[in-house]
Amino acid sequence: MKKTVDVFDYAGDICKALKKGVLLTTKAGGKVNTMTIGWGHIGVIWGRPMFIAYVRQSRHTKAMLEENGEFTVNVPMGDLEGNILGICGTKSGRDMDKIQALGLHLEEPETISVPGIRELPLTLECKVIYKQDQILANIPEDIQARYYPQGDHHTVYYGQILNSYIAE
């Protein structure tokens, strides 16, 4: 069962959760993959509710997003059991099915093709409407040295939030 919510009623919760990590989930080729993200923004751009996510070029999720262009943001509400964020932040979907390995339960989507994850019940259903590869030359050298020493920069995905709910 899902309870539809106004995403902006939970904007503070989403921003706080990003400090520890939330999941970004996508689906392509019949496979669902999720990864932990700690960088993101929620707001209004072009008069639309938007979640902006950063995904490194080398990530399996990037290839899947390029194929599908839809994602969910899955936010914990309260304490999260186990090491879900740790495993989803360190293991690649190329090498393992993280959903199965962690025993996560998928929630059928309402408006896009990508499911939510019941264990992280606050879910934003997003459709990419703009993306931009970061230009390393435009990033200050101290930030490049800290976050991009091998040059593995991010693609920034602007996902229009089409629906938001809490899985109950």
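Student: How many salt bridges does the count come to?

Tutor: Four, taking a salt bridge as a side-chain nitrogen of Lys or Arg within 4 Å of a carboxyl oxygen of Asp or Glu. Keep in mind that this is a predicted model, where local features need pLDDT of at least 70, side-chain atom pairs count only at pLDDT 80 or more, and totals for chains, interfaces and linings use all residues. Residues are numbered from 1 along each chain as its sequence is written, and side-chain values use heavy atoms, with hydrogens and water left out.

Student: Which residues are linked in a network of salt bridges?

Tutor: Lys62, Glu66 and Lys131. Lys62 and Glu66 pair at 3.1 Å, N to O, and both sit in helix H2 (residues 60–68), four residues apart, about one turn of the helix. Helices here are DSSP runs of H or I, at least four residues, and strands are runs of E, at least two, numbered from the N terminus. Glu66 also bridges to Lys131, with the closest N and O atoms 2.5 Å apart.

Student: Is Lys62 buried or exposed?

Tutor: Lys62 is buried because its relative accessible area is 11%; the cut-offs are under 20% for buried, over 50% for exposed and partly exposed in between, with a 1.4 Å probe and protein chains only. Glu66, at 36%, counts as partly exposed, and so does Lys131 at 40%.

Student: New topic: which residues have the most contacts inside the largest nonpolar core?

Tutor: Ile14, Ile37, Phe51, Phe71, Val73 and Leu124, in a core of 26 residues. Such a core is a set of buried Ala, Val, Leu, Ile, Met, Phe, Trp, Tyr and Cys residues joined through side-chain atoms within 4.5 Å. Helix H1 (11–20), strand E3 (31–37) and strand E5 (48–56) are among the elements that each supply at least two residues of this core. There's also a second, separate core of nine residues, including Ile84 and Leu104.

Student: And Thr25, where is its place?

Tutor: In strand E2 (residues 22–28). Thr25 counts as buried because its relative accessibility is 0%.

Student: Which side chain does the side chain of Thr25 make a polar contact with?

Tutor: Asn74's, at 2.5 Å. A polar contact is a pair of N or O atoms within 3.5 Å; within protein, one must be able to donate a hydrogen and the other to accept it, and residues adjacent in sequence count only if both atoms are side-chain atoms.
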